[in-house]
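User: Hi! Could you walk me through this one? I'd like to begin with a single residue and then zoom out.

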Amino acid sequence: MTIKVRIPTPLRTLTGGQDEVKAEGTTVRAVIDHLEAQYPGLKDRVCDEKGVRRFVNVFLNEEDIRFLDGLDSAVRAGDSVEIIPAIAGG
């Protein structure tokens, strides 16, 4: 099933400048793995050995996956995943 994934500006160098890409998978983890196969290096910028990196937020249909089932959150055709790096500032 096809999922839309919004790519933040800092990661667009990995996607050839694209701000939105398509990926396949039944969970957020599978979607990220599929993205890694298409755009090598992306997964390392989003995840570490524990899961989603501390200063990266991943949303599934506008809900933070940390409040769902994390990387094991189920996705369906037409869903949207957004990768949003936390930004320091004040």
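User: Great. Is N61 buried, exposed or partly exposed?
Analyst: N61 counts as partly exposed, because its relative accessibility is 39%. Here buried means under 20% relative accessible area, exposed over 50%, and partly exposed in between, with a 1.4 Å probe and protein chains only. Before we go on: this is a predicted model, where local features need pLDDT of at least 70, side-chain atom pairs count only at pLDDT 80 or more, and totals for chains, interfaces and linings use all residues. Residues are numbered from 1 along each chain as its sequence is written, and side-chain values use heavy atoms, with hydrogens and water left out.

User: Thanks. Where does N61 lie?
Analyst: N61 lies in the loop between strand 5 and strand 6. Helices (H or I, at least four residues) and strands (E, at least two) are DSSP runs, numbered from the N terminus.

User: What about the phi of N61?
Analyst: N61 has a positive phi, about 50 degrees, although it is not a glycine. E62 is found in that loop between strand 5 and strand 6 (63–64) too, and its phi is near 70 degrees, again positive in a residue other than glycine.

User: And is E62 buried or exposed?
Analyst: E62 is exposed, because its relative accessible area is 70%.

User: Switching topic: which residues touch the most others in the largest nonpolar core?
Analyst: Those are V5, V28, L35, V46, V58 and I83, out of 23 residues in that core. A nonpolar core is a set of buried Ala, Val, Leu, Ile, Met, Phe, Trp, Tyr and Cys residues joined through side-chain atoms within 4.5 Å.

User: Which elements supply at least two residues of it?
Analyst: Strand 1 (2–6), strand 2 (20–24), helix 1 (28–38), helix 2 (42–46), strand 5 (56–60) and strand 7 (80–85) each do. Helix 1 gives the largest share, 4 residues.

User: What is V58 in contact with?
Analyst: Leaving aside neighbours within four places in sequence, V58 is in contact with V28, V46, V52, E63, D64, I65, V81 and E82. Contact means heavy atoms within 4.5 Å.

User: Now the start of the chain. Where is M1, and what does M1 touch?
Analyst: M1 sits in the segment before strand 1. Not counting residues up to four places away in sequence, M1 touches A23, E24, G25, T26, V75, R76 and A77. M1 is partly exposed, because its relative accessible area is 42%.

User: OK, zooming out. How many helices and strands are there?
Analyst: The chain has 2 helices and 7 strands, and from the N terminus on the elements run β-β-α-α-β-β-β-β-β.
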